[in-house]
Amino acid sequence: MGHAHTSSSDAGHAGQPLVGHLVAPWILFATGGALIVLTVITVAVRYVDLGEANLLVALAIAGLKATLVSLFFMHLRWDRPFNQLIFLSGVVFVVLMMAFCLMDTSQYRDSQYIGNPADVQAVLDKDAPNAPIAAQKSPDLP
Amino acid sequence: MSAHAPAGDHHAADGHDDHGHGGGHGHHNAEYPFLAHHFETPAQQFDSAKLGMWLFLVTEVLFFGALFVGYAVLRNRYPDVFTYASAYLDTTLGGINTAVLILSSLTMAMGVYFAQTGRKTALVVCLWLTMAGAAGFMVIKYFEYTHKFHVHLVWGEGFYKPVTDDGGLQSAELSSKAPVPLAPAQTTMSAGTVTAQQLAMPAFVQMPAGEQTAIAPPAAGPAGMAPAVIDAKAAEHAADPATHGDEALHLEDAAMPPNTHLFFAIYYAMTGLHGIHVLVGMGVIGWLIVRAGRGEFGPKYYTPVDLVGLYWHIVDLVWIFLFPLFYLID
Amino acid sequence: MTTLPARPAAPTYDTPESDNYLIHDKGIPSWLLTLDHKRIGVLYTVGVLLSFFVGGIFAMLVRTELLTPGRTIIDAETYNHFFTLHGAVMVFLVIIPSIPAALGNFVLPIMLGAKDVAFPRLNLFSYHLWISGAICTVVSLVMGSFDTGWTFYTPYSTTTTAGGVIPVIVGVFILGFSSIFTGLNFIVTIHKLRPPGMTWFRMPLFLWALYATALIQVLATPVLAITLALVVVERIANIGIFNPAMGGDPVLYQHFFWFYSHPAVYIMIVPAMGIISELIAVHSHRQIFGYRFIAFSSVAIAIFSFIVWGHHMFTSGQSSLMNTLFSAISFSVAIPSAVKIFNWICTLYKGSISLNTPMLYALAFIVLFTIGGLTGLHLATLNTDVHLHDTYFVVAHFHYVMMGSALIAMVGGLHHWWPKITGRMYNEKLGMIACAIVFVGFNITFFTQFMLGSHGMPRRYYDYQPEFQIYHVISTIGSYIMASGFLLTAMYLVQSLVSGKRAPANPWGGATLEWECASPPPYYNFHEAPKVGDPYDFSNLHWDERGEGYVTVKPPAAKA
Ligand code: HEM
Ligand SMILES: [Cu+2]
């Protein structure tokens, strides 16, 4: 990976900047168009009931959009592999943290949290004692 | 957050940094006046700036990433809260904002293109368009926020405070008929609450307090959910200042699951942090506009435009996830 | 930056007496606004050492209070504030910046053969952030301090009435960004500013360690920042995300916190291991054993460190599935650590060891880190941890690794590079005596705490059962011994500044590039691009009586 002194660019080629990569406007516009279309699709999918899969579809579309943005708008497609790796590793670490935390919380998800927690109940008792939610006391509150 | 603005600034500023190592390195390079003394070539300097920016973007990803994890954990714990509360968000406004950000990303990317090809005027126009997109986004966000504040769709305890500033006239009139426990003198509850209640459940108003609580609905459950969502959606679609009174219903909605305030807590945390990033973005884009106007960028040197562009795209990227995760839950 | 004084354009070659980075510019602004990585390193070093002194005073107060059960010198509330201040100052202001920001800043570009770090202004900005973070801590003290423990666990940290919680959290947030920017700068520097010939596998191991550390700094610290931001928001606006009484999840806070803070303990130890690799190789004048293993184990530790955080949460209510997983993965972290110990010992074996102060510190490190690391395994074992968690056993464990290892390595490194940084030699005899005092005092202080902990003495307690007193007394006496060792160190180091012998360019016989430039280095590090050779090839270095330093006799053929 010792590329300390190499140029990342096609510098010197006609019409090219000295450094970096020039992305043709049509690619940018196509990307923008695709993003708008995907936005419309993701809103539309909301009204189709797929059960649990709704979330997955929404995330898949968002992931696709994010990929488009990073590959084309952010020039990652033409960037150095190490920059690609870095960005990817950021995402990987978030996913890692999320996976571990979710694995943990799903384990005890069913075992708790019925009704209003204490501080919420205190506010309700004081400010809105007759709101329907105020009656949803947690069984272990006094 | 203050840390963010200078970061972009610094990478770029280094381009003009000459702190004078001697031995032939200290003076400005005649061919590349922007080349700092400790770099050998413009490509090396550009690559360094790019790598630095990508590393910074990774910190942004993790910065937001933790909030996404928080979101996931809360949603996993309270799925019905998220399904229920999402309906209070305005999909139309959220959708428009998504499009606005995408378009501003496009203009930013075009700005980089024009900087690379040395088209000064086009670059400035693109930067202004991006700025306009950012401002438009914030204006819409402002309306969304203020509307929610207005009807107490907020985080924490405020969520459970009855809305008091709606239909003031009616409340004065109706509070005289209010049941004893609700009288302002005896409880901290204000007259406005009564209004909301009466609007929501006119049948209960004349009942004695005891019976009123006796009719309290059962704890939230799947059975109770459906009508609530429909109600809330109706409220959402009638997003019109005149109907604020109706939107104050969340407290009166028997189907509202406990801990709904947590949805709004994480909603404000994430969109708020994102909004701050948009504001910072407007600041650095403004700085670019000034420099671009002075003709500082061209095919040889456009690093600041490129880096700010990357920052702006990551702001867009975060919103791309926020939108479906908050606005589009069913 | 316009206030920077103008500099001569192209100076002639000077001797260290007539021009070096210390005297190149004069006046306080020329220091506080400097873009020179060496000066920034010195500024950090001064700041870190001052903070260490302050944190040390809190430690002495805490230890003194524990001499007797019940009240000895301070009341319980104050005690809570003091141990918290001790922990927070030591972790965030001392150990995390000590090696990368202080020594790393000074050494990294020179070792690499670069003129500076990649982003000198960002580097200065990091330092200013560090100062701001320190100021926030002081503000917190004035506003009523804080008693949350350095971990800021919710919901206590969001509900305590101590007045200084928000300022200190803001301070830690800022310090986090200081650390991030330093890491970012180092990664870019190592990637992009290596001169010709400096391939990845010719990099000194300290640079590999700093590189691995920088990766952790960049990847983990943002999570701490956002978590602390949420705690502040929670305190101000009561959003309830971490508050069980609002339906929030305090265990989520712990996930966030340890997602940063376990990797953070490797921010402390990995660069320390890098220093030890240098010290061992240079002072036993022997090619380092298993260069690639040491290099890769640094990176491996960095990556592994991200998936073991849950071992701090075995008793928090974390699910048994995750407890099991985290426990199992934690054991694997011990492997790369053990690889390093093995390699160091093999390097020492049949080396021609100079038993001087840096070497003594390195040997102390090996002993103490072995104890600290192995007790980590006890803690990572699920069922033993249920007994040992939140006892003095944990306190002893992390002091063995944080103080006995990370800090000892920092002090060893400081001695190693002291001639380079200041241009003066310190008193070797006093150095060795002080090291011995610190080593003995440290073990008396903290080994006792292993026993305290396994007998059931909980940590962070003001009062205790009378049967624990004997251990507490021994531990406190040990801490006094250790403090006297550090005071002695401070004394002879200051003395060396005033009347120390002038240091030669290469007093130890090191083969890395920093020993090729004068002591102290010239402002420009290198007058001409240095020749890069094997950083651990000592065969051509010979002691020169006249200059009292090492000189290269037969320059190694550059195999670029
Ligand atoms: C061999 C590798 C290591 C293992 C397996 C290990 C394991 C553990 C475990 C399981 C705990 C939790 C104990 C408890 O709270 O019940 C712990 C605590 C701790 N460890 Fe380690 N450790 C290792 C190395 C290190 C290193 C190198 C450092 C720092 C340089 C470190 C710093 C700490 C700190 C600061 C704590 C206590 C945090 C607190 O609760 O305040 N550990 N360690
Ligand atoms: Cu740990």
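**View 1. Polar contacts between chain C and chain A.** Across this interface, 4 residue pairs make polar contact, both residues at pLDDT 80 or more. A polar contact is a pair of N or O atoms within 3.5 Å; within protein, one must be able to donate a hydrogen and the other to accept it, and residues adjacent in sequence count only if both atoms are side-chain atoms. Salt bridges between chain C and chain A number 0 (side-chain nitrogen of Lys or Arg within 4 Å of a carboxyl oxygen of Asp or Glu). The model is predicted: local features need pLDDT of at least 70, side-chain atom pairs count only at pLDDT 80 or more, and totals for chains, interfaces and linings use all residues. Residues are numbered from 1 along each chain as its sequence is written, and chains are lettered from A in the order in which they are written.

**View 2. Area buried between chain C and chain A.** The two chains bury about 2,300 Å² between them, 71% of it on carbon and sulfur atoms. Buried area is the accessible area (1.4 Å probe) lost on being put together, summed over both parts. In chain C, the residues losing the most area to chain A are C:H191, C:K192 and C:A245, together 20% of what that side buries.

**View 3. Residues in the contact.** Chain C gives 31 residues and chain A gives 24 (contact: heavy atoms within 4.5 Å).

**View 4. Helices of chain B.** Chain B has 12 helices and 0 strands. Helices (H or I, at least four residues) and strands (E, at least two) are DSSP runs, numbered from the N terminus.

Conventions: Side-chain values use heavy atoms; hydrogens and water are left out.
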